[in-house]
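Welcome to this tour. Open your viewer, keep the selection panel at hand, and follow along stop by stop.

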Amino acid sequence: MNHPPVPEIPWSKRLIYLGCAAFFFTLAVLGMILPIVPATPFLLVTSYFLVRSFPKLNDLLLDMPYFGPILYDWEVRKGIKTSTKIQAIATVVLGWGISIMVFPIPSWALYIMAALVTIGIYVIYRVPEPHDVVVTKPKNESLENAEDASAVHAPHELERKQREWDRNQRQTHGENR
């Protein structure tokens with residue numbers, strides 16, 4: 001992914017961001033394992049911290065088989081798939097249901113929780129579906145390296161190739177300075 005340059009921030013702040021990213025990534029992994037903890041929001045926060053501190057680590061996160069497609073849909077295609085939305089809504093409802101059954105909650109708190117769960121479901125529902133992305137080849141790419149235009153690639157694969165090309169361009173321009 002073509003990230004904007006990392007702003008010049010002190011290394012101490014970058015390390016704090018990296019620690020935050022590690023913490024939220026751990027929560028995202030727990031979200032994969034535990035049915036009550038959603039993985040997607042923690043994954044988005046992880047990506048937020050990585051892009052601002054170590055973009056190459058965010059590129060690695062985008063290349064991961066489970067997390068990559070979710071982040072790709074959010075960052076590039078500007079949306080969340082219906083299946084991911086259904087998982088998130090089911091997690092919210094399941095977490096609320098378990099809370100009601102396990103903990104003695106006063107009736108006024110149940111109404112507040114019901115309102116918050118309803119708002120949460122509405123927000124998840126309102127997130128747009130991912131849009132198709134048109135990835136164009138850079139103008140200066142030679143024809144020998146160009147792939148057959150008729151070949152069909154998954155959008156994530158095209159984005160990965162674009163990130164590799166961007167990374168190579170950054171390295172080339174960095175060596176010329």
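Which residues of helix 3 (residues 55-62) are buried? Select the helix and colour Pro 55, Asn 58, Asp 59, Leu 61 and Leu 62, which are the buried ones; buried means under 20% relative accessible area, exposed over 50% and partly exposed in between, with a 1.4 Å probe and protein chains only. They lie on the same side of helix 3 because they cover an arc of only 155° around the axis, taken from the directions from the helix axis to the C-beta atoms. Now turn to the face directed away from that buried side, where you will find the exposed residues Lys 56 and Leu 60.

A note before moving on: this is a predicted model, in which local features need pLDDT of at least 70 and side-chain atom pairs count only at pLDDT 80 or more, while totals for chains, interfaces and linings use all residues. Residues are numbered from 1 along each chain as its sequence is written, and side-chain values use heavy atoms, leaving out hydrogens and water.

Next, zoom out to the whole protein. It has seven helices and zero strands; these are DSSP runs numbered from the N terminus, with helices being H or I of at least four residues and strands E of at least two. Of its 177 residues, 29% count as buried.

Show side chains: Leu 43, Thr 46, Ser 47, Leu 50, Val 51 and Ser 53 in helix 2 meet Pro 55, Leu 57, Asn 58 and Leu 61 in helix 3, with contact meaning heavy atoms within 4.5 Å.

For the next stop, select Trp 11 and Phe 54. They form a tilted aromatic pair, 5.7 Å centre to centre with 50° between the planes. Rings of Phe, Tyr and Trp (its six-membered ring) pair if their centres lie within 6.5 Å; planes under 30 degrees apart count as stacked, over 60 as edge-to-face and the rest as tilted. Trp 11 sits in helix 1 (residues 11-33) and Phe 54 in the loop between helix 2 and helix 3, 43 residues apart. Trp 11 is exposed, at 54% relative accessible area, whereas Phe 54 is buried, at 17%.

Finally, select Phe 24 and Phe 42, a stacked pair at 6.3 Å centre to centre and 20° between the planes.
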